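Q: I am new to this structure. Can we go through a few features, one at a time?

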Amino acid sequence: MTVQPFDYTVADFNYIDHPDGPQRLRLFKPIAPGPVPLVVDLHGGAWCNGDLKDCEGRDLTLVRAGLAVAALNFRHAGQGYPASLADINYAIRWLKAHAGMLGLRADAVGLSGQSSGGHLAMLAAMRPADSRYAAIPSPDGAEMDASVRAVVMLWPVINPLSRYRNAVRLRESGNPPAWVGDIPDRHDLYWKTVAAMQEGNPMLILERGEPAELLPALWIQGRPDPVHDYRDPEGTFDGNEPERFVRNYRRAGGSLDLLYVDNAVRGGAASHDPATEFFRRHLV
């Protein structure tokens with residue numbers, strides 16, 4: 001049976017104020033009876049660039065399928081790790097605290113993100129109660145947590161350290177591919193240290209055996225994509241980083257599907273439709 005696309009509304013909110021200014025979210029909400037599930041969506045940009053508008057194509061697909069979407073801006077670049085995670089954690093709690101007013105289901109929240117946003121989505125989902133990420137008190141004293149029910153990662157930088165090492169190695173080769181550009185510099189600006197890239201690292205969290213929430217997850221990966229689909233130049237796993245993370249996640253007890261798509265069309269229906277279907281299966 002064909003489902004007619006939902007009409008929707010769009011509204012912007014400053015969800016938190018920092019000394020250097022507010023951070024904004026854009027809420028896409030389907031016009032539907034009763035409260036609706038919510039996806040919190042995170043932009044990419046190597047933790048240094050990007051804006052909530054970058055995810056609009058995906059957000060429109062999700063909202064037309066009956067899911068509310070909150071596209072976030074958050075602190076990044078020189079403000080560094082873990083400032084982004086503190087804003088994302090707070091935004092989830094802010095949305096849950098205002099769910100009644102906004103017509104949202106506080107019990108049906110998912111996370112999605114692309115590239116560095118995919119890394120942040122998985123890290124936020126794995127550590128909803130981390131004291132650094134949850135350091136900002138909930139609005140109006142509301143007793144809310146930042147737990148979610150499902151995660152979709154679109155070509156995530158799941159291992160910041162291996163991506164950094166890969167980009168540095170290629171830049172020093174004398175003939176680096178164009179994608180390398182200023183990637184190492186952006187890592188340096190945001191992460192500051194290799195130790196931080198090791199600590200805030202979903203791949204290494206699993207390999208260290210640290211406690212983590214393991215939600216149903218979907219990884220959508222374009223091919224060919226040397227920026228995100230590569231082998232760790234210093235690793236021992238016989239395969240690329242997506243396969244390595246899938247192995248680790250499943251071994252730890254989580255459910256994770258890996259979907260490859262043609263990289264030339266990854267920014268459209270090839271990734272938007274499976275992400276939507278996944279969230280409808282786990283949130284609706």
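Q: In which hand of crossing does α2 pass α4, right-handed or left-handed?
A: α2 passes α4 in a right-handed crossing. A crossing is left-handed if the near helix is turned anticlockwise from the far one by less than a right angle, and right-handed if clockwise. Helices (H or I, at least four residues) and strands (E, at least two) are DSSP runs, numbered from the N terminus. This is a predicted model: local features need pLDDT of at least 70, side-chain atom pairs count only at pLDDT 80 or more, and totals for chains, interfaces and linings use all residues. Residues are numbered from 1 along each chain as its sequence is written, and side-chain values use heavy atoms, leaving out hydrogens and water.

Q: At what angle do α2 and α4 pack, and how far apart are their axes?
A: Two packed helices are described by the angle between their axes and the distance between the axes. Here the angle is about 65° and the axes are 10 Å apart. Axes are lines fitted to C-alpha atoms, for helices over the stretch in contact, and angles run from 0 to 180 degrees between N-to-C directions.

Q: Which residues of α2 and α4 meet?
A: From α2 come S84, L85 and I88; from α4 come L120, L123 and A124. Contact means heavy atoms within 4.5 Å.

Q: Which residues of α6 are buried?
A: Buried means under 20% relative accessible area, exposed over 50%, partly exposed in between (1.4 Å probe, protein chains only). In α6 (residues 183–191), the buried ones are I183, P184, H187, Y190 and W191. They cover an arc of only 135° around the axis, so they lie on the same side of α6. That arc is taken from the directions from the helix axis to the C-beta atoms. Their cover includes α2 (83–97), α4, α5 (160–171) and α7 (194–199).

Q: How many disulfides are there?
A: A disulfide is a covalent bond between the sulfur atoms of two cysteines. The rule is a pair of cysteine sulfur atoms within 2.5 Å. The count is zero. For C48, the nearest cysteine sulfur is that of C55, 16 Å away. C48 is buried at 10% relative accessibility, and C55 is buried at 2%.

Q: Where is R127, and is R127 buried or exposed?
A: R127 sits in the loop between α4 (116–126) and β6 (150–154). R127 is buried, with a relative accessible area of 9%.

Q: Which side chain does R127 join in a polar contact?
A: The partner is E199, at 2.8 Å. A polar contact is a pair of N or O atoms within 3.5 Å; within protein, one must be able to donate a hydrogen and the other to accept it, and residues adjacent in sequence count only if both atoms are side-chain atoms.
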